[in-house]
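User: I'm new to this structure and would like to learn how to read its helices. Could you walk me through one?

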Amino acid sequence: MAGAARLERINPPHLAPPTGFSHAVRATPGTLVFLAGQTALDGSGRIVGTGIVEQFERALTNLLAVAAASGAAAADIAKLTVFAVDIADYRHHARDIGRVWKRLVGAEYPAMAVIGATRLWDETALVELEGIAVVR
């Protein structure tokens, strides 16, 4: 389709190979959609899931729902920021979190950062995800 947006993953060969993220994502052209932070809240406003993997899956599911409501597909997420209250726990479960990503989004990764947070808005939340999507 002429004029359709496209996301190009950029991973310079002289940098360490990225695992579970892309060093950069270039979007041409498209409409930016800023996705607010999502935690593992269910429809009644309660955090669900006791572990980081369960909460990551629910937070990602919520983020994808917001993206879809904005006209963006999962593959349109160009930038993702993960806020985790326990970075060591996140790293320990990185493979399982990666499997959740691949099942819900696919094999392509956005530009991404994981940031340690002392606590999140929802006190029982272990992880929060925010992102930027490019609607094609």
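User: Which residues of H1 are buried?

Analyst: First, some ground rules. This is a predicted model, where local features need pLDDT of at least 70 and side-chain atom pairs count only at pLDDT 80 or more, while totals for chains, interfaces and linings use all residues. Residues are numbered from 1 along each chain as its sequence is written, and side-chain values use heavy atoms, with hydrogens and water left out.

Buried means under 20% relative accessible area, exposed over 50%, and partly exposed in between (1.4 Å probe, protein chains only). Helices (H or I, at least four residues) and strands (E, at least two) are DSSP runs, numbered from the N terminus. In H1, the buried residues are Ile52, Val53, Gln55, Phe56, Ala59, Leu60, Asn62, Leu63, Leu64 and Ala67. They pack against several elements, including strand S3 (31-38) and helix H3 (94-104).

User: How do the axes of H1 and H3 cross?

Analyst: Two packed helices are described by the angle between their axes and the distance between the axes. Axes are lines fitted to C-alpha atoms, for helices over the stretch in contact (heavy atoms within 4.5 Å), and angles run from 0 to 180 degrees between N-to-C directions. Here the axes come within 9 Å and cross at roughly 25 degrees. Angles under 35 degrees count as roughly parallel, over 145 as roughly antiparallel, 65 to 115 as roughly perpendicular and the rest as oblique, so H1 and H3 are roughly parallel to each other.

User: Is threonine 39 buried or exposed?

Analyst: Threonine 39 sits in the loop between S3 and H1 and is buried, with a relative accessible area of 5%.
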